[in-house]
Amino acid sequence: MKQIVFTDLDGTLLDSIAYSYEKSLDGINLLKQHDIPIVFCSAKTRVEQEVYRDKLEISHPFIVENGGAIFIPLNYFPFPFHYHKIVAGLSVIELGTSYKEIRKLLDKVRREGDFHFRGFGDMSVEEIAEETGLDMESAKLAKQREYDETVKFDSPHEMNEILKKIKGAGINWVFGGRFC
């Protein structure tokens with residue numbers, strides 16, 4: 001039986017304030033010494049995760065944007081499997097809805113209910129950096145969404161009603177530390 005570690009990034013492998021992985025390095029190195037794959041499973045985008053994969057020299061599959069897709073390095077598995085496309089040397093199994101479609105559904109919910117909420121697609125890179133504490137380059141990567149949208153509610157009292165409407169539009173949601 002092969003052991004595998006699945007890990008979130010924010011607040012787990014990465015410090016939730018500084019986004020540093022320094023405190024996790026001993027554990028990461030121990031797993032690598034024992035040839036135990038580390039699979040990121042995060043709300044972060046593909047391009048955000050690729051930064052950490054490169055820095056930590058982790059070359060295993062990874063799951064992006066709250067389960068929107070699984071990215072698997074080409075020739076990683078010795079057997080064939082179904083995938084939807086190849087991007088940047090990675091086979092992609094798409095599990096979620098495209099970002100474009102999600103934005104369209106969210107815009108419909110916003111218009112029909114005259115609701116006030118903003119997604120990363122509505123924010124500038126500077127606003128994302130301010131809201132998240134990310135540096136500008138990381139905020140730019142966080143904006144490059146493919147399978148989900150990060151949403152901030154302007155009115156907390158509207159939030160439950162908005163989330164019901166979002167669910168009714170066919171979109172699942174999860175609440176993270178600061179955003180849905």
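1. Arg110 counts as buried because its relative accessibility is 19%; buried here means under 20% relative accessible area, exposed over 50%, and partly exposed in between, with a 1.4 Å probe and protein chains only. Arg110 sits in helix α3. Helices (H or I, at least four residues) and strands (E, at least two) are DSSP runs, numbered from the N terminus. Leaving aside neighbours within four places in sequence, Arg110 is in contact with Phe115, Phe117, Arg118, Gly119 and Asp122, where contact means heavy atoms within 4.5 Å.

2. A word on the source, before you read further: this is a predicted model, in which local features need pLDDT of at least 70 and side-chain atom pairs count only at pLDDT 80 or more, while totals for chains, interfaces and linings use all residues. Residues are numbered from 1 along each chain as its sequence is written, and side-chain values use heavy atoms, with hydrogens and water left out.

3. Now to helix α6, residues 156-168. At 1.5 Å a residue, its 13 residues should span 18 Å, and the end C-alpha atoms are 19 Å apart, which agrees; the expected span is 1.5 Å times one less than the number of residues. Glu158, Ile162, Leu163 and Ile166 are buried in α6. The buried residues of this helix pack against α3 (99-113), β7 (117-119) and β8 (151-153). Just after α6, Gly170 takes a positive phi of about 95 degrees.

4. Phe71 deserves a look of its own. Not counting residues up to four places away in sequence, Phe71 touches Arg46, Pro61, Phe62, Val64, Leu90, Ser91, Val92, Glu146 and Tyr147.

5. Lastly, Ile93 belongs to strand β6, residues 90-94, and counts as buried because its relative accessibility is 18%. Among the residues that Ile93 touches, beyond those up to four places away in sequence, are Gly68, Ile70, Phe81 and His84. Lys23 is 70 residues from Ile93 along the chain, and their C-alpha atoms are separated by 31 Å.
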